[in-house]
Amino acid sequence: MLNFNYYTPTKVVFGTAAEEKVGALVKAEGCKKVMIHYGGQSAKKSGLLDRICKSLEDENIAYCMLGGVVPNPRMSKVYEGVELAKKEGVDFILAVGGGSVIDSSKAIGYGIANDCDPWDVYCGKVEVKGCLPIGAVLTIAAAGSEMSDSSVITNEEGWLKKGFSSDYCRCKFAVMNPELTYTLPEYQTISGCTDIMMHTMERYFNMCENMQLNDGLMEALLRNTMVYTKVLLNDPMNYDARAEIMWAGSLSHNGLFNAGNDGGDWATHRLEHECGGMFDVTHGAGLAAVWGSWARYVMDANPARFAKFAVNVMGVEPAADDAATAVKGIEAMEAFYREIKMPTSLTELGINPTDEQIEEMADKCTGGDTYTVGCMKKITKADAIAIYKMAK
Ligand code: NZQ
Ligand code: ZN
């Protein structure tokens, strides 16, 4: 087991009507003016935004609003947010939405607190010294940004999607009412469940020492999430299933499962980000589309780990050796993806990149072949090309 630090400062307010407490939560942060940041239509249509505004008004908290964040959030909106926040003297950002809205808020927060071009943060050109405080009202269980230290932004200039992590951006609070996710389209619900599982799987697949307790917790989270994902397919208004998934989303990505290991592989995420950046696909579905190909490509680096996953998570019978068990586990996961209507290839994802585009994706994924991604195998540009081709 490796040494670790565990820091998860976000206050979680979970359950029915949790959003009614948002005014009091913001007030407790002692800020003067809030920017409510939100997405396209859903929060407006459901009446959630009106309830949030009322909750702030009840506490006499001044606010301005900026909507229009799109999935795979863009730098143009971040720049708009920085400008508005400066003009309005905003000192707190309230993100009402999912990972895209929360990540856009984090990028705006970095731009203001560091008085810099926020894209430079994502390019590693700025030594980050802070972030404007952020609170989240979560409307989709997926990215885990409500408790994570990361954010991912797409720059339309070059269609580059880049992530950045620091504890500065961790939300002060996360308001999580599972009922707010009832209105999600099925595809978003299930893509979210897939992303949640992948945040745990990225950490589970590593090449270092592990902690038995955390291995067991991760395996339980994955089994539980598979059960409730299937429940939601048939019964999307099932409160308990929504709650199980929502909490799994936060635990998968708040750092708990980094404890005792090196933080995990993350190559599947890095490979997917180029699909999101260039083709604007839904993140969770993109992960499902490339995971099987990644797994087959790297499994011989650590068949024992894949075999443990196969038996303890996918419930397969051990085969003649670890490698054979590992393959059965990968096949079982792909069968699960098909059952929940997730893609297992880029074609099923709805994209058909040309060889030139695959080369570009692999190039972006590895910084022009200047670094590798993942730890099970260190994926070079040539490896990334091979995996994308396998995933077609
Ligand atoms: O814009 P609206 O109208 O709200 O529609 C959204 C959007 O189209 C809709 N939606 C959200 N809540 C809804 C709803 N529709 C109906 N009812 C509701 N209650 O869902 C769509 C997707 O929203 P989005 O915020 O994009 O989803 P998600 O939370 O999956 O976030 C995806 C983004 O997060 C990044 C991804 O790369 C992607 O850009 N990630 C962020 C991470 C982090 N910060 O830690 C980690 C992840 O690995 C991930 O990379
Ligand atoms: Zn993810």
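Predicted model: local features only at pLDDT ≥ 70, side-chain atom pairs only at ≥ 80, totals over all residues.

1. Let's begin at ligand 1, where one of its oxygen atoms sits 2.7 Å from a polar backbone atom of Gly40; a polar contact here is a pair of N or O atoms within 3.5 Å, and within protein one must be able to donate a hydrogen and the other to accept it, with residues adjacent in sequence counting only if both atoms are side-chain atoms.

2. Residues are numbered from 1 along each chain as its sequence is written, chains are lettered from A and ligands numbered from 1 in the order written, and side-chain values use heavy atoms, with hydrogens and water left out.

3. Which residues supply the protein donors of the zinc ion (ligand 2)? They are Asp195 (OD), His199 (NE2), His269 (NE2) and His283 (NE2), lying 2.0 to 2.1 Å from the zinc ion. Donors are N, O and S atoms within 2.8 Å of the metal (3.2 Å for Na, K and Ca), and since water is not among the atoms, sites may look incomplete. Asp195 lies in helix α7 (residues 186-204) and His269 in helix α10 (residues 267-279), so the pair ties together parts that are 74 residues apart in sequence. Helices are DSSP runs of H or I with at least four residues, strands are runs of E with at least two, and both are numbered from the N terminus.

4. Asp195 counts as buried, at 3% relative accessibility, and His269 is buried with a relative accessible area of 5%. Buried means under 20% relative accessible area, exposed over 50%, and partly exposed in between (1.4 Å probe, protein chains only).

5. Do look at strand β2 (residues 33-38): 6 of its 6 residues are buried, so the strand is largely enclosed by the rest of the structure. Lys33, Met35 and His37 cover one side, with Val34, Ile36 and Tyr38 on the other. β2 runs parallel to strand β3 (residues 62-66), joined by 5 bridges, and pairs in the parallel sense with strand β4 (residues 92-97) over 5 bridges. Strands pair if DSSP finds at least two bridges between them.
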